[in-house]
Amino acid sequence: MAVNDECKLKFQELKSRRSYRYIVFKIEEQQVVVEKCGEPTDSYEDFMASFPADECRYAVYDFDFTTDENCQKSKIFFVAWSPDTSRVRMKMVYASSKDRFKRELDGIQVELQATDASEMSLDIVKARAL
């Protein structure tokens, strides 16, 4: 599975310049490509709305939070979205390509795997960030 150069480029912009709040990726014609980039002002709800109900996706999300010690921090989450309603072949392709794709994106701090929205709720993301 190839990874389009735009994926790495956009990820670097999210990581270093904070140009995006999130990036959603999809596999198209045997390569991972960028599907959507979220503006820095987009909310977590905007991010959640970016996932199709019946297709797999990868995504990265730049999560800002405040620690118990009142420090502002940020962590980059990698999300593997694989809804139960997606086709079995699609799930297999995304599952088998995930680790290789993740290695291309240097700087991911937390990984989430979700089959429905409740598995990547804001509460879960907050708990994993701390």
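**Aromatic pairs and the sheet**

Tyr58 and Phe78 both come out buried (under 20% relative accessible area, with exposed meaning over 50% and partly exposed in between; 1.4 Å probe, protein chains only). The model is a predicted one, where local features need pLDDT of at least 70 and side-chain atom pairs count only at pLDDT 80 or more, while totals for chains, interfaces and linings use all residues. Residues are numbered from 1 along each chain as its sequence is written, and side-chain values use heavy atoms, with hydrogens and water left out.

Searching the whole structure turns up 14 aromatic pairs (Phe, Tyr or Trp rings, the six-membered one for Trp, with centres within 6.5 Å; planes under 30 degrees apart are stacked, over 60 edge-to-face, the rest tilted). Phe47 and Phe51 make an edge-to-face pair, at 5.1 Å centre to centre and 80° between the planes, and both residues are buried. For Tyr58 and Phe78, the ring centres are 5.7 Å apart and the planes sit at 35°, so this pair is tilted. Tyr58 belongs to strand S4 and Phe78 to strand S5, so the pair ties together parts 20 residues apart in sequence; helices (H or I, at least four residues) and strands (E, at least two) are DSSP runs, numbered from the N terminus. One aromatic cluster has Phe47 and Phe51 among its members, along with Tyr22, Tyr44, Tyr61, Phe63, Phe65, Phe77 and Trp81.

Phe25, found in strand S2, is buried at a relative accessible area of 0%. Leaving aside residues up to four places away in sequence, Phe25 touches a set that includes Cys7, Val33, Tyr58, Phe101 and Leu105 (contact being heavy atoms within 4.5 Å). Lys36 is eleven residues from Phe25 in sequence, with 7.0 Å between their C-alpha atoms.

S1 runs parallel to S3 (residues 31-38) over two bridges, and Ala2 has Gln31 of S3 as its bridge partner.

How values were computed
Two strands pair if DSSP finds at least two bridges between them.
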